[in-house]
Protein chains: 2
Amino acid sequence: MLPTDFIENLYEIVGESHVNHSESSRLAYSFDATPNFQAMPDIVVSPANAEEIQQIVRACNEYQVPIVPRGSGTNLAAGTTPTQGGLVLLFHRMNQILEIDEENLTATVQPGVITQTIIDAVEEKNLFYPPDPSSMKISTIGGNISENSGGLRGLKYGVTKDYILGLQIVLPNGDLINTGGKLAKDVAGYDLTKLYVGAEGTLGIVTEATLKLIPKPSSKKTLLAVYDSMERAAETVSAIISDRIIPATLEFIDQPTIRAVEDYAHVGLPTEAEAVLLIEQDGPEEVVLADMEKIELLCKEHGALQAQTAASEIEAEALRSARRTALSALARLSPTTILEDATVPRSEIAAMVRAINEIADKFNVRIATFGHAGDGNLHPTCTTDARDEDELERVEQAFEEIFAHAIKLGGTITGEHGVGEMKSPYLAWKVGEEGLAIMKTLKQSFDPNNIMNPRKMFAKETRKRIVL
Amino acid sequence: MLPTDFIENLYEIVGESHVNHSESSRLAYSFDATPNFQAMPDIVVSPANAEEIQQIVRACNEYQVPIVPRGSGTNLAAGTTPTQGGLVLLFHRMNQILEIDEENLTATVQPGVITQTIIDAVEEKNLFYPPDPSSMKISTIGGNISENSGGLRGLKYGVTKDYILGLQIVLPNGDLINTGGKLAKDVAGYDLTKLYVGAEGTLGIVTEATLKLIPKPSSKKTLLAVYDSMERAAETVSAIISDRIIPATLEFIDQPTIRAVEDYAHVGLPTEAEAVLLIEQDGPEEVVLADMEKIELLCKEHGALQAQTAASEIEAEALRSARRTALSALARLSPTTILEDATVPRSEIAAMVRAINEIADKFNVRIATFGHAGDGNLHPTCTTDARDEDELERVEQAFEEIFAHAIKLGGTITGEHGVGEMKSPYLAWKVGEEGLAIMKTLKQSFDPNNIMNPRKMFAKETRKRIVL
């Protein structure tokens, strides 16, 4: 139970109508998109601006109440579940695009704006905001920033972090700071901008962001290549990069995913194929045409059964949306879907997919794999049933082996989903005990009362049962 | 005086021949490229590997001896002066390119490799490492990383930070950590990689780096545009970007710089011009030709007296080297040259250059300005005489006003040179007292004994005489 004083303080700060502690509201914010993680918050608050957030943070510090900042709750690693109870902070009242600056190629936005809204607004001005997480139609930019969201265009264009030039941040002590700016170059002090992108809300609250924009590519082409072997698909990926071509997207879909997508979306994918690659290039038309011609050739040289550029934008859009529906299509197969994002160096994709399939067999679980082959960011996706405790235990063991194998191949436990609570037991596998220790030192120094999204990123214990 | 035990410990770690405390050696490392900053170190040590550095750091912690990591000492903000005495750490024995991975497009290097050596090695394989600080022929990659070096290609390609995928770091407590990897996407924990790029050696020592490479652009064109007004040159810069063209370089040189360069290098620059723009585009040939044609037109539309693409690579190289010799050419004019890098949003370049000239007049000092117009990173350069105390006081006041004006225009006190000791009094102007406080918290938590490059970035007092 929260102290009455504290609640009255919140009423004063944001107004009573923006504080909600009804059962239904608390229930609605007790989970995010991660299966099997749920915890009730004590209260849900919707501030109007940074000043109100400063006051809320100060009050939470005084009363030792945890704060969980939350965009649209599309997190897949239990990054926005209120594990320790406390206050869920919503941003729907801070959802404005404040400026699109065509001379400096920047957009200044509030954290609650939907990603797709930004993309559409800048494209109208012939500009481009490349990060395109699969959830972009519902995710907020604030969530993207806190999670350093990736997407399909990561190979060529990078991820959210590469497009954040400046932030306004409320620190855990309630101070407001501004980092960076409309500046391509700025080396004044430590780079807090990049530190906060991907900090998962554990170091403070982003209240405004300055995004970098680039000119919108003038044309785009889409190609589908079909394989009867995963190895050949992976060889093609390497061959394209070795030929010094960087496609805008280079996506991989395995047979179980192809079948689920085809069953769901009926776009004419070849359900007998072992693997397909969906490859896009964008840029000036002559470059796109030349690249796609070379890519088509490379696909065929490396054993593609067919490789064909979409004849029309309608056909291309059908292929793109086929890839984008992969998760929804797989989700129809069983009551519970667990989507992971173990990531490896590009050269290890074939080895990793092979390992995933072997591990799935070993533990007798169903795992389909799709993802961003160009940047080694794979999404092994398990279709299971959370009510089957025995199976769920095997699923957990399988993913544990998958993460361990990714690390063995020079990869990481998460490419774009974040650590959250779900992967916190594995973080030391990637960063080492010494790396984990310095990260904890950083967290402790910024947030000594541990009010900012507590229990995320850092597990109480690691899987090695070493208390840190 | 260092304790004998400590020195004997160093002998054991690196071997006596790699420890130097002669007067001449200490003198050689008592300054970097910054005028008027000098302090004697106690000892100079050249380790062979990360393990030795771990032991050195542990010894320094035990005996409370400051460590100043130093590459080639090209720093312009007194970032590598041993202000508090102590140990200068050299990297000339750690100067190997360990790997160029053509499949993952990465290079793994030791900190002591010369930047140009990396650029040449990867270009031989038709790959490209874009960051090109003016000092690249002598600077080390370790120095570039610690300073987050920029360069002429920053507008289109970004800066050093954008090309660092992973680091091996010795922490101030002697622990060794590995961050990132050959991974385009990695969100496992806080982004220590980006935090250490630009940390100016105050948080630990980089002992290895994994660099991101991209395909080498297949062609390049260079254009010189001549103006009788600074305003028109700045208008052209805005017009090019507004036309959604991002040139590889977009450099600005003012009249005093033109005259100094021409006098020095005799490349045929028009000495009567008020300003010239040096514009380069690279990429596929057809794109470069189309862009350069448009750029030429835009230059003329916005009042260029002439705008001509170099007819040959020899002519282009002469123009490029003219720009690159700007500092050397200005340095010939007087005993002391102070090169600054106040940076503003691109849209404010004309306003900033105007302000620089007014401030120079006000304080009766000579300031020439050149720099990276495309990214707003200007280099006002004062030709003066350090022995003239009265003039030097006026120079300092002038630069103080220049930094203040850059901040007023939404800019920063340093775009690519770093804070070091020289600009530490101004850091709060950019990041605010609250920003400075959280940066100090970070430093204190990582390096509680303050052994890592002490007195850099954080001034003992700010110019406002507030003790922090």
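Which residue of chain A forms a salt bridge with B:Asp191? The partner is A:Lys161, and the closest N and O atoms of the pair are 2.8 Å apart. A salt bridge here is a side-chain nitrogen of Lys or Arg within 4 Å of a carboxyl oxygen of Asp or Glu. The structure is a predicted model, in which local features need pLDDT of at least 70 and side-chain atom pairs count only at pLDDT 80 or more, whereas totals for chains, interfaces and linings use all residues. Residues are numbered from 1 along each chain as its sequence is written, chains are lettered from A and ligands numbered from 1 in the order in which they are written, and side-chain values use heavy atoms, with hydrogens and water left out.

In terms of contact (heavy atoms within 4.5 Å), 79 residues of chain B meet 79 residues of chain A. The area buried between the chains is about 6,200 Å², and carbon and sulfur atoms give 62% of that area; buried area is the accessible area (1.4 Å probe) that two parts lose on being put together, summed over both. B:Lys185, B:Tyr190 and B:Arg244 supply 17% of the area that chain B buries against chain A, more than any other three residues.

Between the two chains, 35 residue pairs are in polar contact, both residues being at pLDDT 80 or more. Such a contact is a pair of N or O atoms within 3.5 Å; within protein, one must be able to donate a hydrogen and the other to accept it, and residues adjacent in sequence count only if both atoms are side-chain atoms. On the side of chain B that touches chain A, helix 15 gives the most, with twelve residues. Helices (H or I, at least four residues) and strands (E, at least two) are DSSP runs, numbered from the N terminus.

Within chain B, four strands form an open sheet in the order 1-2-4-3, with mixed pairing. Strand 1 (19–20) and strand 3 (67–70) of chain B stand at the edges, each with a single partner strand, so one side of each has no neighbour in the sheet. Two strands pair if DSSP finds at least two bridges between them. Strand 2 (residues 43–45) and strand 4 (residues 87–90) of chain B run parallel and are joined by three bridges; B:Val45 stands opposite B:Leu89 of strand 4.

In chain A, strand 8 (residues 164–170) and strand 9 (residues 176–180) run antiparallel, joined by five bridges. A:Gly166 has A:Gly180 in strand 9 as its bridge partner. The hairpin of these strands has five residues between them, and A:Gly174 takes a positive phi near 95° there.

Over all chains, the count comes to 55 salt bridges. One of chain A joins A:Glu340 to A:Lys423, with the closest N and O atoms 2.5 Å apart. A:Glu340 lies in the loop between strand 16 (336–339) and helix 13 (349–363) of chain A, and A:Lys423 in the loop between helix 14 (389–408) and helix 15 (427–446), so the pair ties together parts 83 residues apart in sequence.
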